[in-house]
Amino acid sequence: MAERKELHVDQARQILRQVSHPMWSPSDDFDLLTMKAGGQNFHDIADWLGRQRLAVEQRYHRLRVVPRISEALRVSGLTSEPYQAG
């Protein structure tokens with residue numbers, strides 16, 4: 001099996017452009033993915049993030065299909081500032 005190379009910041013930013021949304025931040029996305037991977041349900045995650053359950057569930061399903069999304073979030077920096085347009 002080939003060894004996976006670490007993402008560079010530019011590669012991470014390119015991945016995040018696929019999921020950027022002005023109402024979400026990289027920190028929110030990372031918390032969502034981490035909590036879900038840890039077995040938390042959408043209701044509890046929504047309470048933690050201060051969002052509606054449906055919004056959290058939809059965001060999760062958008063993020064989970066993006067290859068290496070958690071790594072891209074870590075590499076680019078887990079800012080709590082919302083994603084910037086463009």
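R68 is partly exposed, with a relative accessible area of 23%; the classes are buried under 20% relative accessible area, exposed over 50% and partly exposed in between, for a 1.4 Å probe and protein chains only. R68 is placed in the loop between α4 and α5; helices (H or I, at least four residues) and strands (E, at least two) are DSSP runs numbered from the N terminus. The phi angle of R68 is near 65°, a positive value in a residue other than glycine. The model is a predicted one, in which local features need pLDDT of at least 70 and side-chain atom pairs count only at pLDDT 80 or more, whereas totals for chains, interfaces and linings use all residues. Residues are numbered from 1 along each chain as its sequence is written, and side-chain values use heavy atoms, with hydrogens and water left out.

Helix α5 (residues 69-76) contains the buried residues I69, E71, A72 and L73. The elements that cover these buried residues of α5 include α1, α2 (26-37) and α4. After α5 comes G77, which has a positive phi near 105°.

A12 belongs to helix α1 and counts as buried, at 0% relative accessibility. The C-alpha atoms of A12 and A72 are 4.3 Å apart in space, although the two residues are 60 residues apart in sequence. With neighbours within four places in sequence left aside, A12 is in contact (heavy atoms within 4.5 Å) with A72, V75 and S76.

The axes of helix α3 (residues 42-49) and helix α4 (residues 53-63) come within 8 Å and cross at roughly 105°. This angle makes α3 roughly perpendicular to α4. Axes here are lines fitted to C-alpha atoms, for helices over the stretch in contact, and angles run from 0 to 180 degrees between N-to-C directions. Angles under 35 degrees count as roughly parallel, those over 145 as roughly antiparallel, those of 65 to 115 as roughly perpendicular and the rest as oblique. On the α3 side the contact is made by F42, H43, I45, A46 and L49, and on the α4 side by R53, V56, E57, Y60 and H61. By class, the residues of this contact comprise 6 nonpolar, 2 polar and 2 charged, where Ala, Val, Leu, Ile, Met, Phe, Trp, Tyr, Cys and Pro count as nonpolar, Asp, Glu, Lys and Arg as charged, and the others, Gly among them, as polar.

V56 is part of helix α4 and is buried, its relative accessible area being 0%. Apart from neighbours within four places in sequence, V56 is in contact with W24, L32, F42, I45, A46, L49 and R51. A distance of 9.8 Å separates the C-alpha atoms of V56 and D28, which are 28 residues apart along the chain. Y60 also lies in helix α4 and is buried, with a relative accessible area of 18%. The contacts of Y60, leaving aside neighbours within four places in sequence, are with L32, L33, K36 and F42. For Y60 and L32, 28 residues apart along the chain, the C-alpha separation is 7.0 Å.

R51 is found in the loop between α3 and α4 and counts as partly exposed at 23% relative accessibility. Beyond its neighbours within four places in sequence, R51 is in contact with M23, W24, D28, A46 and V56. R51 and Y83 are 32 residues apart in sequence, and their C-alpha atoms are 17 Å apart in space.

The largest pocket has a volume of about 330 Å³. A pocket is an open set of points on a 1 Å grid over the protein atoms alone, where a 1.4 Å probe fits, with protein on both sides within 12 Å along at least five of seven lines; lining residues have an atom within 4 Å of a point. Grid points are joined across faces, edges and corners, and a volume is the space filled by probe spheres set on the points. The largest pocket is lined by 13 residues, of which R13, L16, P26, Y83 and Q84 are the closest to its centre. Helix α1 (residues 9-17) gives the most to this lining, with 3 residues. The lining of the largest pocket divides into 4 nonpolar, 6 polar and 3 charged residues.
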